[in-house]
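Hi everyone, thanks for coming. I'd like to walk you through a structure that may be new to you, so please have a look at it first.

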Amino acid sequence: GKEESGVTRIQPDGKEHPVAEAPGVVTISKWTTSHILELVARKDGSVVGESKYEVSKDGKTLTATVKGFDAKGRSFEQIIVFDRETK
């Protein structure tokens, strides 16, 4: 019930980039199709998270599928669907 916002810079070049907010974590991201961006987060060589962002062909929705581990080390998967707001 609370509004949430944030900014994440993603560089989809297939190279490792450090995550400032998570020391020791790097992300690797790339476009797998013209509508799908995939991202993997690693720490000490192990995968700690994966994300896939898919824009619908009509451009009206973005589906984010996120998998990883929470602060207590429990695995989770979350699917979030965003609708494009038109003005």
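I'll talk about the pockets, then the strands, and then one lysine.

A word on the source: this is a predicted model, where local features need pLDDT of at least 70, side-chain atom pairs count only at pLDDT 80 or more, and totals for chains, interfaces and linings use all residues. Residues are numbered from 1 along each chain as its sequence is written, and side-chain values use heavy atoms, with hydrogens and water left out.

Let's begin with the largest pocket, which has a volume of about 1,300 Å³. Of the 35 residues lining this pocket, Thr8, Leu39, Ser51, Tyr53 and Val66 are the closest to its centre. By pocket I mean, on a 1 Å grid over the protein atoms alone, an open set of points where a 1.4 Å probe fits, with protein on both sides within 12 Å along at least five of seven lines; lining residues have an atom within 4 Å of a point. Volume is the space filled by probe spheres set on the points, and grid points are joined across faces, edges and corners.

Which strand gives the largest share of that lining? It is E5, with 6 residues. Strands here are DSSP runs of at least two residues, numbered from the N terminus. The lining divides into 18 nonpolar, 11 polar and 6 charged residues. Ala, Val, Leu, Ile, Met, Phe, Trp, Tyr, Cys and Pro count as nonpolar, Asp, Glu, Lys and Arg as charged, and the others, Gly among them, as polar.

The second largest pocket holds about 180 Å³ of space. Its lining has 3 nonpolar, 3 polar and 5 charged residues, and Lys52 and Thr65 are among them.

Now the strands. E4 and E5 run antiparallel, joined by 7 bridges; strands pair if DSSP finds at least two bridges between them. They form a hairpin with 5 residues between them, and Gly59 in the turn has a positive phi of about 75°. E5 and E6 are also antiparallel, with 9 bridges.

Finally, back to Lys52, which lies in strand E4. Is Lys52 buried or partly exposed? Lys52 is partly exposed, because its relative accessible area is 31%, and that class runs between buried, under 20%, and exposed, over 50%, using a 1.4 Å probe and protein chains only. Lys52 stands opposite Thr65 in E5. Leaving out residues up to four places away in sequence, Lys52 touches Ile36, Leu37, Glu38, Thr63, Ala64 and Thr65, where contact means heavy atoms within 4.5 Å.

Definitions and conventions. Helix = DSSP H or I, 4+ residues; strand = E, 2+ residues; numbered from the N terminus.
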